[in-house]
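Dear colleague,

I am handing over the structure below, and after it you will find what came out of going through its ligand sites. Please look at it with the sequence alongside.

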Amino acid sequence: MTVFNSHSTADTESFAEKIGKIVTSGTCIAFFGGLGMGKTAFTRGLARGMGIDCHVSSPTFAIVNDYGGNPPLVHFDMYKVDSWDSLYSSGFFDYLDMGAVLSVEWSENIENALPENTVRVTIEKGEDENSRIITVEGLDIE
Ligand SMILES: Nc1ncnc2c1ncn2[C@@H]1O[C@H](COP(=O)(O)OP(=O)(O)OP(=O)(O)O)[C@@H](O)[C@H]1O
Ligand SMILES: [Mg+2]
């Protein structure tokens, strides 16, 4: 388990960038933590670390954004996913099978469907407005 104290959006992004450099095909990164904690900011850093240059935003309406790359980074927003049917139609399992790296916002909603080796990222508020305490479980970060 790694705990990182972030003091800004840029901090969160550069911490995530380090993680983007070490993730491998089939890694599922599941976010826990409420609104505005920085899940999308983290995903932006991940993309950068994976060498993907693209616009990253919460796929709230689409549910899924595929950013390409090798392996591809695929970004989910499970906020409105409330059934196995909607989870299947989001392509979650297909993307896992094809070896993409998955970034999953609102993983609380699909916790039972997460693969066993999921990397769990929990983001909580810190002492001030721009602080976040980021806990990563299931990945060795040097
Ligand atoms: N240390 C920090 N790390 C990340 N974001 C921060 C931090 N401090 C302040 N912020 C701000 O918090 C917001 C985080 O937004 P972001 O969209 O990344 O969150 P989110 O968890 O994806 O939210 P949502 O649940 O709405 O999708 C941004 O406005 C960002 O500037
Ligand atoms: Mg978001």
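An oxygen atom of ligand 1 lies 3.1 Å from a polar backbone atom of Met37, and an oxygen atom of this ligand is 2.9 Å from a polar backbone atom of Gly38. Please keep in mind that the model is a predicted one. On the side-chain side, an N or O atom of Thr12 is found 2.6 Å from a nitrogen atom of ligand 1. The protein covers 73% of the 640 Å² of accessible area that ligand 1 has on its own.

The shell around ligand 1 is made up of 16 residues, the closest being Thr12, Lys39, Thr40, Ala41 and Ser58.

Turning to the metal, the magnesium ion (ligand 2) is coordinated by OG1 of Thr40, OG of Ser58 and, through two OE entries, Glu105, at 2.0 to 2.8 Å. These donor residues follow the spacing T-x17-S-x46-E in the sequence. Thr40 in helix α2 (residues 39-49) and Glu105 in strand β5 (residues 101-105) are 65 residues apart, so that the pair links distant parts of the chain. Thr40 and Glu105 are both buried.

Technical notes: Residues numbered from 1 in each chain as written. Chains lettered and ligands numbered in written order. Predicted model: local features only at pLDDT ≥ 70, side-chain atom pairs only at ≥ 80, totals over all residues. Heavy atoms only, no water. Donors = N, O, S within 2.8 Å, 3.2 Å for Na, K, Ca; no water. Helix = DSSP H or I, 4+ residues; strand = E, 2+ residues; numbered from the N terminus. Buried < 20%, exposed > 50% of the residue type's maximum accessible area, 1.4 Å probe, protein only. Near = heavy atom within 4 Å. Polar contact = N/O pair within 3.5 Å; in protein donor to acceptor, adjacent residues only side chain to side chain. Areas by Shrake-Rupley, 256 points an atom, 1.4 Å probe, with all protein chains shown as cover.
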